[in-house]
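Hi,

Here is the structure we talked about handing over. Have a look at it first, and then read on for what turned up.

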Amino acid sequence: MKVTLSILRFDPEKDEKPYRKEYTIEAEPTDRILDCLDKVKWEQDGSLSYRRSCSHGICGSDAMMINGKNQLACQVLVKDFKKKYIRIDPLPALPIIKDLIVDMDSFFDKYEIVKPYLINKQQPPQKERFQSPEDRALIDESVNCILCGACSASCPSLWTNENYIGPAALLKAYRFIFDSRDEAANERLDIIDTPDGLWRCHTIFNCVEVCPKEINITWHLSQLKMKCLEREF
Amino acid sequence: MIHQYDLVIVGAGLAGLRAAVETSNHAKVAVISKVFPTRSHSGAAQGGIAAALGNEEPDCIEWHIFDTVKGSDYLGDQDAIEMMIKEAPEVIYELEHMGVPFSRTKEGKIAQRQFGGHTKEVVDEKGNKKRVPVLRACYSADRTGHVILHTLYEQCVKNNVKFFSEFFITSLILENNICRGVIAINLKDTSIHIFHAKAVLFATGGYGRAYRVTSNAYANSGDGVAIAFRAGIPLEDMEFVQFHPTGLYPLGILVTEGARGEGGYLLNNNRERFMKNYAPTVMELAPRDMVTRSIQTEINEGRGINGKDYVHLDLTHLGREKLKERLPEITGFAKTYAGIDPAVEPIPILPTAHYSMGGIPTDLYGNVLANEKGKIIQGFFAAGECACISVHGANRLGTNSLLDAVVHGRRAGKTILKFLAEADFSPLPTDSGESDKEYINHLFSGTGTENADVIRKILKSEMTNKCGVFRNETDLKAALETVRTLKERFKNVNLSFKGKVFNTELMEIIETGNLLEFSEVIILGALERKECRGAHWRTDYEKRDDVNWLKHTFAFKTDKGIKLKYKPVTILNYQPQERKY
């Protein structure tokens, strides 16, 4: 079947501002949007740039806005769309470097702020540290994050305040604060218990709606909020 | 631009990051990666990482060593295998201490599951010893690679490791047998960077992208392997390419062996568990090469589902709860890509190019070998899938690859720290980077007419069809001819986009050149190896030939084409036996 992609294009070497360009390709219903982009690039226009690697939703490279929703291009198929006219934009609220490639430096800088690594100053045992299946279950969803950026780029609180640390970094903070093996919960809570930290989350749930790994991010953030309140009282 | 580091690591998967963790507190280290580190393909590994921890049932190191030797079809070097397996428990505990969120047993220990070819010894009711599947694969649901990759990256953040992400290497600086650094392109602006280093570690991963049906990422174009080969370094055992039995039809996306480890069945069109005809004692948990051949045989003999080229992986009897707890990721894939709910319907699967047993030859400590006699290149190291030590021989067991990457990344790190204590910077040749610049300028100013995508597609089809699960002389000769023709055509390749910012067409062209470079080595090795061993199966030679072929292939690039030499296998405790399961 014929599918038309309307893609936002921008090349800083020659364009003053982004513009849209349409490409019509022949695709199968089971083709991924990523396959469609490949067809455009290989058969029609080698200048199109986008990131991709694993092609099945685990590396997190190809998050972009597809028909107005942040998604992984490798995780949505042509048959998922009724109209075969599909709009493709880079992730919003991040600077465009070229075409669908955005500058994710600010996203990763925020990730680093929450001390995204296990902190445990005790001498480790000879074997593994024990963790009950119940304790492990607390971090079950949060360890699935692939750092694709779909959530943070969908968050209106972040659109209006670039200092907001954003859902992805907060989820990472949760992943360690609720890990029974970690000892730095308070240190991390100090970092996020601020107006531009956790409290900038206004439970809009956009992040939950777009997360390609189906993580209920807002729920995790609410657990962090309760943890902060527990500390105060 | 010239950068100077004690150690430059190329590749940010498990091997590269583990080496970075080992070295970064003691030396000035940079990691170069063509993708952001957490995008590396180690993250796609699902089922587990092997170690005889005995957390779920009694297990021992000796059994793991024997299984690996037997799994390798006796081509694995037994000194290397022994060393890796003995270190396995220690490296797993280290990973846990770093924060890897393994799934847990009721007692809170690291949980373990069954995997193909991993066995324990039991005595049956008649008093005969036999080997049956054992719970040895340490796992985190079906996202084991993902959680280890992220944990190692987190440790690198903690250690302030310097990353050059979206830098793409084009060549190795090697003169008089001393490695002096690498040349890389910054994809953001196509600028050329010279990395001057005392030591270089290649951890560049595998090369499954040479095949049409593959579980591998776009990034797995074997760049490190091709670049080393061009620099005059031999490649070892390249003909041994693993085809994973269960790729999701038709794309070949990996469906973990853990699905069979948890009890999944393989069914043909007659709804028969056909593995009983091929590996009666371990059934679906035979090693990958055997299961793959069994599936391909069923398909070739017309017992694929509705006569098509796939069979079924049936998980319906495991129940929704178990799928959700143990296999959530593949349950999601099946829904997304095949529109199938594995709790009620079987999953269509076919063999898919998955893992490279061969690669850049190294000694036990990660030093890259200059020849089959054991001479080493000074300052050049390799670890992980791009390297060949050889611990996997002719066929790797599932969950031994993550182990290989972590053990050897760590060990190469230790070797390099010792090396750095005495090493100094060797001077850069005055023309460093010149040929890379010339080539890129040639592409930018060129008037080529060949389309890299067309060349790549022909290559991938040819590799899957003629250098795949079953091979024979006629096909291999034809494939060799095709690749040589494609290499000629590639000289006239066209770069249509001349921009400098994220010119991913340029990257794809260079990757295509790399695919062509080592594909010829794979085919030639396969053509010359006149026997069946592990993943290399010749229909014109029926069986393994230990008299003539119990040896490693070493391929050299010479002015007169590729030259093959051979190196004996290291045998310690286990003499080759017939391989039955």
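Let me start with a salt bridge in chain B: B:Lys34 pairs with B:Glu511, with the closest N and O atoms 2.6 Å apart. (A salt bridge here is a side-chain nitrogen of Lys or Arg within 4 Å of a carboxyl oxygen of Asp or Glu.) The two partners are 477 residues apart and link distant parts of the chain: B:Lys34 is in the loop between strand S2 (29-33) and strand S3 (49-50) of chain B, while B:Glu511 is in helix H14 of chain B. Helices (H or I, at least four residues) and strands (E, at least two) are DSSP runs, numbered from the N terminus. Over all chains, the structure holds 77 salt bridges.

Before the rest, some housekeeping. This is a predicted model, so to speak of a local feature takes pLDDT of at least 70 and side-chain atom pairs count only at pLDDT 80 or more, whereas totals for chains, interfaces and linings use all residues. Residues are numbered from 1 along each chain as its sequence is written, chains are lettered from A and ligands numbered from 1 in the order in which they are written, and side-chain values use heavy atoms, with hydrogens and water left out.Now the interface. Chain B gives 59 residues to the contact and chain A gives 61, where contact means heavy atoms within 4.5 Å. About 5,000 Å² is buried between chain B and chain A, and carbon and sulfur atoms give 53% of that; buried area is the accessible area (1.4 Å probe) that two parts lose on being put together, summed over both.

Across the interface of chain B and chain A, the rule finds five salt bridges. In one salt bridge, the side chains of A:Arg51 and B:Glu166 meet at 2.5 Å, N to O.

B:Glu166 is in the loop between strand S6 (162-165) and strand S7 (167-175) of chain B.

Two cis peptide bonds to check by eye:
- B:Tyr249 and B:Pro250 are joined by one, with omega about -5°; B:Pro250 is in the loop between strand S11 (241-248) and strand S12 (253-254) of chain B.
- B:Ile389 and B:Ser390 are joined by another, with omega about 5°; B:Ser390 is in the loop between strand S19 (387-388) and H10 of chain B.

Cheers
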